[in-house]
Amino acid sequence: MGVAVDEPLVEALLAAAPAVAETPAAVQQAEVPVVRRRGARSVTDWIREAERLAAECATIDDLARAVGDFGGSPLKATCENTVVYDGTPGASLMVIGEGPGAEEDRRAKPFVGKAGQLLDKMLAAIGRRRTENALISNVNYWRPPGNRNPELDELAVCRPFVDRMIEITRPKLIVAAGGVPAVSLLNSRDGIMKLRGNEYTYRTPGGYIAALIPMLHPAYLLRRPQDKSRAWRDLLLIEKRLRELEA
Ligand code: URA
């Protein structure tokens, strides 16, 4: 059954959204020390350890515990909480973002700050709610200092858990919210502006296959409300493909 989409709702939301201040990356980096200690193990060792731990998980709660106990990300030393997932495991739709911000770190839940509130409204406009029919997670489980982008090795140690979550919860459609998850999951040289508007196939190492659609990140839309028509097109594509995949 099709879901009535409510463009004015998203538009009103974007119009009301306060501008999010952009801190130049150089300033963020200068303010917060980057912790780079991982004991005696190399990144490759930690990736193997993550693969081993993830493979042992049968449920998403096993996985959340395994991620919480995992010591392979240097980001763990500078944040408060491990942020793994929220919403409905087993839903057709899985949204994967970049990683926790300050509010998510404080509350140990993904997408609960301003961008998360916008994400919830965007999903509601196509009939999706995390409490009913959407699973929400990230490609990185620990807030980077100063909200900088996660680095490649930080993403690499999380990836076995991301893949195992997909294998356990079996979404039909993965929405990569923003450039970091889109580029990382698709292993692409292209940026989000080129990737969005298209559908891709995502295959986990264990052989589970799902459709993947990149969309603009809600935090980007808070900074650039003039791109809301692009976001609206992303949502319409997601809604159409979900309907087809669920038929
Ligand atoms: N942005 C993300 O990409 N993920 C979150 O959990 C919060 C903000």
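In this predicted model, the residues of the shell around the ligand comprise 4 polar, 2 charged and 2 nonpolar members. The shell is formed by Gly97, Glu98 and Gly99, together with Glu104, Pro110, Phe111, Asn138 and His217.

For Glu98, a polar backbone atom lies 2.7 Å from an oxygen atom of the ligand. For His217, an N or O atom of the side chain is 2.8 Å from an oxygen atom of the ligand. Asn138 also contributes its side chain, a polar atom of which is 2.8 Å from a nitrogen atom of the ligand. The ligand exposes 230 Å² when taken alone, and 93% of that is buried by the protein.

A further feature of the model is the packing of two helices, H4 (residues 60-69) and H7 (residues 152-169), whose axes come within 10 Å of each other. The axes cross at roughly 170 degrees. Angles over 145 degrees count as roughly antiparallel, and H4 is therefore roughly antiparallel to H7. On the H4 side, the contact is made by Ile60, Leu63, Ala66 and Val67. On the H7 side, Phe161, Arg164, Met165, Ile168 and Thr169 take part. By class, the residues in the contact of H4 with H7 are 7 nonpolar, 1 polar and 1 charged. Arginine counts as charged, and Arg164 of H7 is part of this contact.

How values were computed: Residues are numbered from 1 along each chain as its sequence is written. This is a predicted model: local features need pLDDT of at least 70, side-chain atom pairs count only at pLDDT 80 or more; totals for chains, interfaces and linings use all residues. Side-chain values use heavy atoms; hydrogens and water are left out. A residue is near a molecule or strand if one of its heavy atoms lies within 4 Å of it. A polar contact is a pair of N or O atoms within 3.5 Å; within protein, one must be able to donate a hydrogen and the other to accept it, and residues adjacent in sequence count only if both atoms are side-chain atoms. Accessible areas come from the Shrake-Rupley method with a 1.4 Å probe; for residues, only the protein chains shown count as cover. Axes are lines fitted to C-alpha atoms, for helices over the stretch in contact, and angles run from 0 to 180 degrees between N-to-C directions. Helices (H or I, at least four residues) and strands (E, at least two) are DSSP runs, numbered from the N terminus. Angles under 35 degrees count as roughly parallel, over 145 as roughly antiparallel, 65 to 115 as roughly perpendicular and the rest as oblique. Contact means heavy atoms within 4.5 Å.
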